[in-house]
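The stops below are meant to be followed in order.

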Amino acid sequence: MTVNNRWKRAAAAAAAATLALVLAACGSGGGGGSTTANGHTTLTWNMWSGSTSEVDAWNHLSQMVTAKYPDTSLEFQTSSFNDYWTKLAAQASGGNTGCILGVQSLRARSIAPLLVPLDDLLAKAGINPADYDQSIWKGLQVDGQQLAIPYDFGPQVMYFNVDRFREAGVPVPSVNWTQQDFLSAAQKLTAGGKYGFALYPTIDTVIPWSLSLTGTDPVTQDGKLDLSQQGFVDAVQWYTDLVNKLHVAAPVAASSDPTPALSSFVAGDAAMVVDGPWQLVNLVKQANFEVGVLPMPAGPSGSHSQVAGSGFGISQTCADPEKALQAIAVLTGPDALQYLAEQGRAYPARTAQQDAWFSPQLANAKPGLQAAIANSAVSPPTENYTQVSQLFTQYGVQAVNGQQSVPDFLSSVQQQAR
Amino acid sequence: MTISVPAPPVEVRRPEAGRGARRGDGRAALGFLAPSTTGFLLFTLIPLVGSLVISFFAWPVLGRKRFIGLDNFVQLIGDPIFRQIMLNTLVFVVVYVPLNIIVSLGLALWISPRIRGRGLYRLLFFIPTVTPMIANALVWRLLYQPGGVIDQTVQTVFGVPAPNFLGDTNWAMAAVILMSVWQGFGYNMLVFSAGLDAIPQSIQEAAAIDGAGPLRRFWSITLPMLSPSMFFAMIMTLITSFQVFVQPYVLTRGGPGVTTETMVLNLYRQGFEQFDLGTASTIGWFLFMIIMLVTALQFLGQKRWVHYDG
């Protein structure tokens with residue numbers, strides 16, 4: 001064998017080794033989202049977030065975990081709420097999700113196959129269901145199994161621009177306001193290129209109207225979606241009439257902005273908007289006017305909203321579920337929820353910490369939010385909620401703008417959602 | 001190896017050395033080819049075959065995968081919504097490609113003579129192409145929205161509100177195409193501009209002396225000599241416009257309804273919003289076949305109008 005040949009062999013071996021390394025690198029980062037080195041465990045934590053201050057709050061919580069369990073640390077990975085579900089699906093298809101996963105109650109069923117049932121592990125981790133608000137505790141169950149431990153919850157509420165009400169001489173409504181009060185306020189506040197109300201066809205913000213107007217929840221008790229129920233059709237018709245017939249809300253455009261209605265409320269273009277209490281802290285920071293909070297205006301069926309909330313679960317691929325649950329017990333523990341509440345980040349799922357949320361700057365939201373919580377309903381989780389809410393928004397634009405009839409809109413969403 | 005079959009007499013004289021050298025060359029060639037071949041296998045061929053395999057399965061992200069043969073293809077062809085989406089894509093291509101070629105050729109012709117500040121114009125026209133499309137689309141969304149710049153201008157000038165471009169089913173696709181043309185003409189303009197510069201001035205002058213007017217010179221000299229550039233630009237623009245994704249994704253998410261939903265956007269939604277990888281792969285293969293067919297037709301047709309000789 002010549003020197004030349006030997007050199008070639010060596011080069012070939014080196015090339016093969018490099019290739020193997022590259023392939024190994026492609027395959028790494030998996031391992032069920034946890035790694036252990038020198039007795040120290042790092043767990044990957046997947047969670048959505050909407051702003052850098054939210055990320056800071058979550059990182060603070062992850063430090064609380066390491067403070068309590070020095071041998072455990074969390075690696076926080078985040079994306080926006082809408083992208084989170086897409087990313088989770090992509091990671092799941094590669095068998096490569098994090099160890100601790102953020103779970104939203106309405107979407108719990110659609111990711112249920114990814115999650116470990118926690119019922120048998122709770123006692124050992126020192127988690128007592130009685131400490132939590134029961135509506136959201138049950139909201140994170142699928143088929144009777146607890147899939148996640150909640151940290152926050154809340155019904156949809158009506159935000160209103162207190163300054164606009166005062167300027168227009170419209171009396172500021174009380175927590176007992178009705179649908180007539182809402183309509184007359186919206187009509188008085190629609191003037192000079194500004195609107196009384198901002199809407200965008202998201203199913204989350206339409207359901208409270210349906211519950212209050214006709215008492216219909218499009219999600220049936222067995223977790224099926226029935227959008228063509230007469231009560232829901234009537235409610236959506238009433239909702240689209242706000243744009244088409246009464247002209248108290250602006251026409252909508254197809255958009256990739258997840259919350260266009262809230263954006264136009266913050267910009268001062270509309271005086272009222274429906275969204276969740278988790279938006280209040282962002283609103284107070286961004287809006288240069290006083291923000292008021294009310295429950296949904298009472299319709300013939302009363303004032304109701306579905307409760308949605310979020311928590312943390314453990315993925316099936318997690319190599320160390322016990323450590324993960326230990327960490328979740330800290331993330332949803334009294335200290336962590338107290339911190340999130342004081343920051344105004346999340347209305348705590350633990351009843352004992354709820355008062356901490358009403359810090360001085362959010363204090364005037366208290367009567368409105370408490371009234372909304374008192375009348376809230378729990379929507380059972382549905383399997384295809386993510387798909388339905390996307391289709392609802394996509395086709396809803398035409399219905400709201402009057403280019404498609406409401407029954408046609410709802411039946412085409414219903415058909416495609418199968 | 002086929003090379004050794006028609007062995008010329010020169011090589012017969014030293015068969016040993018010749019064959020040996022060639023064998024060694026073969027191995028060396030293999031070594032040199034290995035990196036690119038590995039890359040091609042890993043990142044092109046295997047995923048391609050993988051997606052073909054997936055397209056024959058009901059392949060949810062979560063849950064059981066099941067072999068269903070051609071069902072995905074049959075279902076897609078029978079689905080009126082998918083037919084609408086294919087039609088949307090076709091409308092986009094048919095309107096966008098000629099518009100793009102006309103605008104970019106027009107601008108290239110305009111800046112082709114030695115006018116002052118030519119480099120500056122080139123730079124200006126190229127800026128939309130090099131800025132991130134996401135940022136462009138966001139700005140265009142602000143322009144288009146009710147109460148946005150376009151709406152306000154129309155209100156001031158005509159006294160009536162502008163259409164709700166991104167909320168109206170009749171306008172949404174036009175709005176997406178307009179934004180795409182603005183975003184995309186710069187690249188082809190550079191290609192045409194370079195092609196125009198390569199046409200010898202002497203031919204134009206000779207034609208002028210022979211009495212050919214500007215229009216005749218454009219039609220009989222500039223266009224034929226520019227035809228290779230135009231062929232390249234048409235092929236590339238057609239392929240990328242069949243694959244349009246970012247503009248509708250950021251402007252409208254395919255809405256209202258499916259008015260602006262294109263095949264690649266639908267592929268993305270099927271795969272990552274409906275979590276149905278089988279259907280997503282099938283759409284990918286539909287698109288692949290359409291693009292292959294159209295490109296093949298273009299190559300067949302090029303003999304009629306593309307002139308490679310000077």
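The tour goes from confidence to a sheet, then to the interface and the annotated spans.

This is a predicted model, in which local features need pLDDT of at least 70 and side-chain atom pairs count only at pLDDT 80 or more, while totals for chains, interfaces and linings use all residues. Residues are numbered from 1 along each chain as its sequence is written, and chains are lettered from A and ligands numbered from 1 in the order in which they are written.

Within chain A, residues 14–31 remain under 50. Where pLDDT is low, the predicted coordinates should not be read in detail.

Pairing requires at least two DSSP bridges between two strands. β9(A) runs parallel to β10 (residues 270–275) of chain A, joined by three bridges; Phe197(A) has Met272(A) as its bridge partner in β10(A).

Now select the interface: 24 residues of chain A contact 27 of chain B (C-beta atoms, placed from the backbone, within 7 Å).

Finally, select residues 225–246 of chain B, one of the spans that UniProt (unreviewed entry) places as "transmembrane region"; UniProt positions follow the numbering used here, feature names are shortened, and annotations may be inferred rather than shown by experiment. This span is 86% helix (DSSP runs of H or I, at least four residues) and 0% strand, with its end C-alpha atoms 34 Å apart.

Notes. Helix = DSSP H or I, 4+ residues; strand = E, 2+ residues; numbered from the N terminus. Contact = placed C-beta atoms within 7 Å. pLDDT = per-residue confidence, 0-100.
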